[in-house]
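Please open the model in your viewer and keep the sequence panel beside it. The tour below moves from one selection to the next and says what is found at each stop.

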Amino acid sequence: MTVVGIGADGWPGLPAASREAVLAADVVAGSVRQLSLLGAEVTAERVAWPTPLLPALPGILETYRGRRLVVLASGDPMFYGIGTSVVRLLGASAVRVLPHASSVSLACARLGWAVDEVEIVSLVGRPVETLHPAVQPGRRVLVLVSEPEAAAVVSSLLVQRRFGASHVAVLEQLGGPAERIVSSTAVSWRGEHDPLAVVALECVPEPGAAPLPRTPGLPDSAYDSDGQLTKREVRAVALAALAPVPGQLLWDVGAGSGSVGIEWMRSHPACRAIAVEPRQDRRERIAHHARTLGVPLLQIVHGAAPEALDGLPAPDAVFVGGGVSVPGVLEACVAALQPGGRLVANAVTVETEAVLAGWHGRVGGALTRIAVQRGEPVGGFTGWRAAMPVTQWSYRKEAR
C-alpha cells in the first residue's frame, strides 16, 4: 500500500509520483476533506475515515488487503500523521510513503524562521497545557491545531503565564488558494480561524515574569503543598540520580505533590511517569500541578504501595518519596525495575534511614546525605537555618 501526503493545494499540487499512485489505486482512503481535493480523473473507490479513526484502522486495512490501497494524509504523513500508525501496523517494508511539504516547513518558509530553531508542539487531541514547557522567553514555537478556537485558547494560556505581549500568527490553509496569515498579540487576540491552521508564537514575557525551566529543581513556590513536597535542592539531586531518558517510564511512589514525576516529564516530551498516591486530596493536587506545569498526561494511580504497583508497566526508574519503611515497597520496586533501571529513595527519619542502610548493605548502590541551609534574617543580620537532612539511597539494577 501507499501513503500519499496531500496539501491544501489539492490535486494540482501533487508531485507526479503521488498522482501516479492515486490514479493506479483500487481504493483511496482519507478524510472527507482530503477526498474532496482529488481530481475527477481518480476512478478508485473512495473510503472516508470513520470517527474515531485509530481503533478502526486495523480493520480497514484488513478489509482492503490484496487491493491497491492509497491512504491520504495531510502534508508529511510521517510528521504527526497517519503514516506512522500505518507503518506501525504493517511494518516499514510493506508501506510506501510519498510525502508532501509539511505544515511546519510551509509555516517556516512564510515566516522566515529556521526550522531547526523552532519548537513544535501538537495540540491535536492533546490538552492545551502541553504547551507550558515550550513557553520560554524569546522562543519561537509552532503549535499544530485542529479547532477554530485554538489560537484564542493558546493566547489565554500565554496571558495567564504573563506572556501576553507574545506575537501570535495564525497561518490558515497553507499552500492553498485560500491561504491567509492573521497576526496579533496574545493579549489582543480575538475570534476564531480556519481549523486547517498552524499557530506561530514568538514568546515575549512581561517584566518580572519568571520562566519555568525544564531543568530539575523548580522553585518550591511552583507547587501548592501540604508539606509533602520534595524540596528543590533534594529534588534536583534525586532527578540527577534518576537520569531521565527520553521515552522511559518513571514510577513516583508515594508521590505527595507529584514534583519528581512532573519534573521527570518536563525534561523531555517523550518522558513518561506514573504517580502512585493513596490520598484523594493529594491526587487532586498532583493533577493540578501536572496541568499548570505542562505535563497533563502524567498518569495518577489511586492506592498505596506495594499493592497499587501490581499490573503497572515495568519502570525504567523509580522514586520512592513515601512508604520506604512499609514492608514490601522497596522489594516490589526493585523487582519491577527494568535491567539497567535506577531507583532513588529518600529518608528523613532514623527508622527509614536504617531501612535504606540495610538495602545498601545487601545490594550496594550509593548513600548520600543531603544537608541544606538557607540564609534567613536574624534580627538585623542574616543567619543560616538548616532544613532536616535527607539520606538518599540510589541504586542501578544490573543489566542482564
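Begin at strand β2, residues 27-30, which pairs with β3 in the parallel sense over four bridges; strands here are DSSP runs of type E with at least two residues, helices are runs of H or I with at least four, both numbered from the N terminus, and two strands count as paired if DSSP finds at least two bridges between them. Within this pair, select Ala-29, which stands opposite Val-47 in β3.

Before going further, please note that this is a predicted model, in which local features need pLDDT of at least 70 and side-chain atom pairs count only at pLDDT 80 or more, while totals for chains, interfaces and linings use all residues. Residues are numbered from 1 along each chain as its sequence is written, and side-chain values use heavy atoms, with hydrogens and water left out.

Now widen the selection to the open sheet of five strands, whose order is β3-β2-β4-β1-β5 with parallel pairing. Its edge strands, each pairing on one side only, are β3 (45-48) and β5 (96-98). On average, neighbouring strands of this sheet are turned by 20° against each other, direction ignored.

Follow the chain out of β3 to Pro-52, in the loop between β3 and α3 (57-63), where a cis peptide bond with omega of about -5° joins Thr-51 and Pro-52. In the loop between β4 and α4 (82-90) you will find Tyr-80, which has a positive phi of about 50° although it is not a glycine. Tyr-80 is partly exposed, with a relative accessible area of 48%, where buried means under 20%, exposed over 50% and partly exposed in between, for a 1.4 Å probe and protein chains only.

The next stop is a pair of helices. Select α7 (residues 232-242) and α8 (residues 259-266), which pack at an angle of about 55° with their axes 10 Å apart. The two helices α7 and α8 are therefore oblique to each other, a class left over once angles under 35 degrees count as roughly parallel, over 145 as roughly antiparallel and 65 to 115 as roughly perpendicular. Which residues of α7 and α8 meet? Arg-235, Leu-239 and Leu-242 in α7 meet Ser-259, Val-260, Glu-263 and Trp-264 in α8, contact meaning heavy atoms within 4.5 Å.

Continue to the loop between β13 (299-302) and β14 (317-320), the place of Pro-306; the peptide bond from Ala-305 to Pro-306 is cis, with omega near 10°.

Finally, select strands β17 (residues 373-378) and β18 (residues 381-386), which run antiparallel and are joined by six bridges. Glu-376 stands opposite Gly-383 in β18. Together β17 and β18 form a hairpin with two residues between them, and Gly-379 in the turn has a positive phi of about 65°.

Zoom out to end the tour: the protein chain holds 11 helices and 19 strands, and buried residues make up 46% of its 400 residues.

Methods. Axes are lines fitted to C-alpha atoms, for helices over the stretch in contact, and angles run from 0 to 180 degrees between N-to-C directions.
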